[in-house]
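Here's a quick briefing to read alongside the model. Have the structure open as you go.

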Amino acid sequence: DLYDYCLGLTNLVDGVTPDIQIYNEMTIRYGTNSMSTQNYENWEDMLQVVLGSDQYALCNNYTLKSGRNLSYLDVQTTNNVCVLGGGVAKKLFNFVDPVGKTVTINNTPFVVIGVYESKHVESWPEWDNIVMMSYTFNRTLNNNQTIRSYVVKAKSAQSTVEAMTNLDAFLNGLFPMNADGNRDNGSFYVNSNNSSAEQVQSQSNMQSLVLGAIAGISLLVGGIGIMNIMLVTVTERTREIGIKKAIGAQRQVIISQFLVESTVLSGCGGVIGIFIGYTGSLLAGKLIYDLILLPQVWMALAAFAFSLAIGVGFGLYPAVKASGLQPVDALRAD
């Protein structure tokens, strides 16, 4: 019923598929290589066996790398064919093209008809470690478990809300509420990945705001520190400034001298900060994720340029103050 209803929403919906994950022990083999759904020691190599329709790839945003997707005929006739995720294809076949090869899943032969492009989603290798087969194998491979989850692909983000509203109304008709406010013959809920994405984006924005505030306070404190150092420098070099002005030095010369000094000072701090950032990212990535994580070069250059700008901004007041000293007063300073 859901499938037929979604076919009628051609202006809102691209496809619909059952979304079944088999949690029973499943092992896929090719030659001496194998992967299992029970590989708890190395979860990054844990197999995910999923069942769906010929629209599974469309609804779950998988792109074919080679071969083909399941067809409607494969589903109707329960053909022993499967499509491999990029992670499974790499671990079982290495650099060999899997399309047309035969693998065994729990000792049952299946022909590989396609391979998905790897999603390369950080910390989610299971999205690439999938073996996808027709949902009609639910009876033989999954003990005929009740199909409880379906994925409906909306045509766009704008049509998602309208599609959800229509689906909610349709399912309300299938599972009407009784007088007590309960559903006698089942239950359902409709949710959107957009909601999850919005929550993640909101959390990310909040983290960025907090980190930005911390960084802003740190820069303000650092800038005030540079300004204080330069003011002390101006005080210590008052006689030098007086001598230079007495022999004809222009104000812009004095300003340039102290701006260069403050810029060099803040630039050195920027270089030290970039070094600490690179080293910290490398160590944290290796220890926590076992990956080599390094900031991008343009980010380092932007940080260095910003540190120079901080030096110019906070060094301007001491430089202007130094250039405004009167030669007579400056020469009298101890």
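Asn 106 is partly exposed, with a relative accessible area of 35% (partly exposed sits between buried, under 20%, and exposed, over 50%, using a 1.4 Å probe and protein chains only). Bear in mind that this is a predicted model, where local features need pLDDT of at least 70, side-chain atom pairs count only at pLDDT 80 or more, and totals for chains, interfaces and linings use all residues. Residues are numbered from 1 along each chain as its sequence is written, and side-chain values use heavy atoms, leaving out hydrogens and water.

**Positive phi**
- Most residues other than glycine have a negative phi.
- Asn 106, not a glycine, has a positive phi of about 50°, and it lies in the loop between β8 and β9.
- Asn 94 isn't a glycine either, yet its phi is positive at about 55°; look for it in the loop between α4 and β8 (102-105).
- Helices (H or I, at least four residues) and strands (E, at least two) are DSSP runs, numbered from the N terminus.

**Second largest pocket**
- The second largest pocket has a volume of about 820 Å³ (a pocket is an open set of points on a 1 Å grid where a 1.4 Å probe fits, with protein on both sides within 12 Å along at least five of seven lines; lining residues have an atom within 4 Å of a point; the volume is the space filled by probe spheres set on the points).
- Of its 32 lining residues, Lys 90, Lys 91, Ser 118, His 120 and Asp 128 are the closest to the centre.
- Helix α4 gives the largest share of the lining, six residues.
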